[in-house]
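Please read this short report alongside the sequence and the 3D view.

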Amino acid sequence: MNVNSLSPNIPSQRLSIPESNDTPENVPVRILIVGVGSMFGDDQAGWLTVDRLNELLKNNGGVPPVSVTIKLATIPLDVLDWLSGVSCLHVIDACQSESAAGSIHRIEYQNLTDILDARRLSFGNHSTHDFSISDVLKLAQQTGKLPPQVCIWAIDGKHFELQRFLSPGIAEAIESVAQQIHSELCSQQ
Amino acid sequence: MKRTRTIKVEALTRVEGEGGLDVVLKGDSVEDVRLSIYEPPRFFEGFLRGRPLEEVPDITARICGICPVAYQMSAVHALEQALEIQITPEIRRMRRLLYCGEWIESHGLHMHLLHAPDFFGVASGIELAAQFPDEVNRGLRLKKHGNELLEALGGRAIHPVNVCVGGFYRAPKKDELQKLIPDFEWGLQAAVDATRWVATFEFPDFVCNYDLVSLKHPDEYPMNEGRIASSTASEIAVADYETHFTEDHVAHSTALQAYRTSKRTSYHVGPLARVNLNRNLLSPAARRIADEIGFETPCHNPFKAIIARGLELIHAYEEALTILKEYVPFKPSRIPYEYSAGEGCAATEAPRGLIYHRYAVDDAGKVQLAMIVPPTSQNQKQIENDLRAWLPRIMKQNDQQTADDCERLIRSYDPCISCSTHFLKLNIIQQGQ
């Protein structure tokens with residue numbers, strides 16, 4: 001098992017720019033876990049979840065027997081460059097929907113479009129500056145880069161201003177998502 | 001009685017920012033065209049006042065995530081003029097390199113993912129990828145190259161932080177730039193392929209009688225400096241910009257609209273204007289490809305701006321490669337200065353056209369006045385005029401198709417609405433006094 005953790009082990013509410021997280025080229029990647037986020041309030045959720053997942057894997061005294069790479073992204077398009085050889089992708093990002101802050105949406109890629117519509121769920125970035133993670137995954141599919149198994153974990157946020165603090169319910173959601181992904185990784189032993 | 005049709009595009013897609021379009025047709029005549037910019041005002045010119053001049057490049061960069069370099073370059077050149085700072089040739093060269101990075105990321109993205117879908121009847125770059133996965137992947141890779149150059153030289157891929165009044169906070173190490181060379185060599189060929197590809201598109205036979213306006217420099221393709229040239233008027237100094245061009249409020253837009261002062265006429269800025277006025281200064285590869293694909297100037301077809309972007313993409317790669325290969329870390333990375341009261345202006349070439357800044361500073365280094373004229377403000381009136389000419393050709397279609405064709409014309413300008421929003425000037429008229 002190889003955990004290629006590239007984010008520092010920072011406790012919750014980090015409000016910092018991610019460290020460089022290039023993957024060594026000789027490491028085969030099978031499971032890729034990406035936390036998408038920014039320094040803007042609840043948009044830290046993706047980063048904080050993978051930080052917490054790192055803690056859980058280290059505290060486990062060991063790591064799952066599959067190759068796992070964990071990365072942080074600020075620019076969703078970067079994810080496209082990390083997909084080569086990946087068989088299973090987990091993406092964690094903050095979202096906005098009709099649900100309350102801290103709600104968790106676990107979305108299999110094949111259901112993505114339907115769920116975005118049904119729950120009026122959005123990952124933001126309605127601009128030409130960048131693409132949302134949902135658009136990036138659609139691009140990956142169209143260009144033949146999408147891994148066979150893709151799971152999107154969306155955490156409803158409320159405040160996306162430049163601030164350290166998280167809205168009520170977000171920290172609990174982060175813990176829950178990290179625990180669920182950890183369990184899924186461990187179940188693959 | 002003639003039937004009145006109102007065609008509304010509530011929200012323009014694949015453009016940066018929030019804007020819409022209202023068209024009123026009466027019978028066969030176009031009654032009204034309003035490019036409505038409803039994005040909220042952003043107050044940059046107002047809140048720069050009183051701030052230290054050192055903050056201006058980083059604050060103005062925040063106006064846009066896709067053309068922050070244009071704001072930084074225009075700001076530092078204007079402030080350096082105000083402070084009478086002379087930068088070194090090395091700093092000047094690195095500023096051109098930074099601008100190359102911005103043109104590469106902006107043009108690469110717009111050509112492949114934002115504009116090309118219009119020529120294949122699909123709604124987005126994502127849909128286009130189903131037909132042209134290799135081309136879309138190429139566009140994404142070109143955009144990434146531009147962002148990587150911005151990161152290496154500017155410290156960040158978006159909103160660079162290394163630009164300062166007087167130069168750069170830090171000169172990059174040699175290997176930080178040299179490691180980009182293999183990708184940029186690939187990118188130059190990819191830019192050539194991209195330009196050949198877009199040149200094969202089917203373009204509407206539509207030309208406008210443009211007043212094309214761009215910077216012009218005697219020795220180089222315009223980026224950071226030059227005089228303001230026009231296809232219809234004499235060249236002027238940048239210092240005379242406000243004499244010849246005026247910005248005005250219109251009721252339907254939070255963005256100011258610019259026009260040529262003397263005749264209150266619209267004008268066109270952007271890659272099409274630059275290539276028309278500076279074709280002989282394009283890099284050798286760009287000139288060669290322009291000849292090969294038969295890109296004739298003058299070209300006044302707005303839809304062919306995608307070809308002009310391609311030629312500039314080639315130019316930006318070729319110039320960037322030259323600078324990258326010859327790069328030696330330089331000292332000083334910035335020129336020291338002392339505060340003195342003064343005023344300065346500058347114009348540079350953003351990916352989507354000429355951008356003008358003017359600042360006044362006091363002897364404590366605080367900004368007293370800021371004026372920012374982005375390219376999309378200058379193109380707004382021209383876009384409306386283009387649509388008036390374009391609509392009689394397309395209005396026999398149903399409303400949705402007519403609206404779609406209007407959007408296609410607007411997108412050929414690669415408008416950045418976020419950049420162009422201003423707060424409406426408030427005039428209080430008190431009656432009865």
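## Basis

This is a predicted model, in which local features need pLDDT of at least 70, side-chain atom pairs count only at pLDDT 80 or more, and totals for chains, interfaces and linings use all residues. Residues are numbered from 1 along each chain as written, chains are lettered from A and ligands numbered from 1 in written order, and side-chain values use heavy atoms, without hydrogens and water.

## Interface of chains A and B

Chain B contributes 22 residues and chain A 16 residues to the contact (heavy atoms within 4.5 Å). Together they bury about 1,600 Å², with 68% of it on carbon and sulfur atoms; buried area is the accessible area (1.4 Å probe) lost on being put together, summed over both parts.

Two salt bridges cross the interface (a side-chain nitrogen of Lys or Arg within 4 Å of a carboxyl oxygen of Asp or Glu). One salt bridge joins the side chains of B:Lys144 and A:Asp81, at 2.9 Å from N to O. On the side of chain B that touches chain A, helix H6 of chain B gives the most, with six residues (helices are DSSP runs of H or I, at least four residues; strands are runs of E, at least two).

## A sheet in chain B

Three strands of chain B form an open sheet in the order S10-S11-S12, with antiparallel pairing (pairing needs at least two DSSP bridges). S10(B) and S11(B) pair over nine bridges, and B:Glu349 stands opposite B:Leu354 in S11(B).

Methods:
Buried area is the accessible area (1.4 Å probe) that two parts lose on being put together, summed over both.
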